[in-house]
Amino acid sequence: MPLFQKFKKENISSASQTKSSEQRKIRNRIVEQFPTLTDHIDTIIPPKATICAVKCQGHICLITVKNEVLFFQERDGPYFPTLRLLHKYPDMLPPMQVDINGCRHVLGGANVMCQGLTSAGGRLSDVPEKTACQVRIEGKQHALAVGLTTMGSDEIREVNKGPCITSLHYMGDGLWDMNMLE
């Protein structure tokens, strides 16, 4: 089940401002994880802006700046961008394109199946296993979901069966509907 399928403001446990040393760590880790953001990090997270860490149920942490949710992470894992941020900077994650028949499934929060990527309308980026990616739909401009690959692209082509991308955040889930925190 995606992380934010039934997410509401009631799921938030606490919100706290991070120390300046922690802010530097977060900025550095984001740049390290998403090298394409190196030129844009000062726009996304201004140097003097206050970064808040919002702790939620399910060991989820949201990274916010000026009450806008920018990134999320599960436990102490990697950071993932929200879809709204991904729409502003689409090159930060490799795209995986699902054929048009998978659209309603992706918008419902389902994991992406290998057949949706290897069919006529699907396209794969060459990525290893456990890589953050954006899920796009054939003929659409923006990503509809953020996911994590469960197998590498070569294995997806070879196996061509079963789920290959775990959906973490999709258009229309609780995080998408929340947008800003007060």
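## Basis of the description

The model is predicted, and local features need pLDDT of at least 70 while side-chain atom pairs count only at pLDDT 80 or more, although totals for chains, interfaces and linings use all residues. Residues are numbered from 1 along each chain as its sequence is written, and side-chain values use heavy atoms, with hydrogens and water left out.

Five strands, paired antiparallel, make up an open sheet in the order 1-2-3-4-5; strands (E, at least two residues) and helices (H or I, at least four) are DSSP runs numbered from the N terminus, and two strands pair if DSSP finds at least two bridges between them. Strand 1 (12-17) and strand 5 (79-81) are the edge strands, each pairing on one side only. On average, and with direction ignored, neighbouring strands of this sheet are turned by 25 degrees against each other, where axes are lines fitted to C-alpha atoms, for helices over the stretch in contact, and angles run from 0 to 180 degrees between N-to-C directions.

Strand 4 (residues 68-74) runs antiparallel to strand 5 and is joined to it by three bridges, and F72 has F80 in strand 5 as its bridge partner. Strand 4 also holds V69, which is buried at a relative accessible area of 5% (buried means under 20% relative accessible area, exposed over 50% and partly exposed in between, with a 1.4 Å probe and protein chains only). Helix 1 (residues 20-33) lies across strand 2 (51-56), strand 3 (60-65), strand 4 and strand 5, and runs at about 70 degrees to strand 5, contact being heavy atoms within 4.5 Å.

## Salt bridges

The model has four salt bridges, a salt bridge being a side-chain nitrogen of Lys or Arg within 4 Å of a carboxyl oxygen of Asp or Glu. One of them is formed by the side chains of D42 and R27, at 2.6 Å from N to O. This pair links distant parts of the chain, with D42 in helix 2 (residues 41-44) and R27 in helix 1, 15 residues apart. D42 is partly exposed at 43% relative accessibility, whereas R27 is buried at 17%.

A further salt bridge brings together the side chains of D126 and R157, at 3.3 Å from N to O. Here too the pair links distant parts of the chain, since D126 lies in the loop between helix 5 (114-118) and strand 8 (132-137) and R157 in helix 6 (residues 153-159), 31 residues apart. D126 is exposed, with a relative accessible area of 62%, while R157 is partly exposed at 42%. R157 also forms a salt bridge with D154, with the closest N and O atoms 3.4 Å apart; because R157 and D154 are three residues apart in helix 6, about one helical turn separates them. D154 is exposed at 56% relative accessible area, and salt bridges that share partners join D126, D154 and R157 into one network.

## The largest pocket

The largest pocket has a volume of about 290 Å³. Its lining comprises 18 residues, of which A53, K55, C61, Q73 and D76 lie nearest the centre. Strand 1, helix 1, strand 2 and strand 3 are the elements that give two or more residues to this lining, and helix 1 gives the most, with four residues.

On a 1 Å grid over the protein atoms alone, a pocket is an open set of points with protein on both sides within 12 Å along at least five of seven lines, unlike a cavity, where a 1.4 Å probe fits but cannot get out; lining residues have an atom within 4 Å of a point. Grid points are joined across faces, edges and corners, and a volume is the space filled by probe spheres set on the points.
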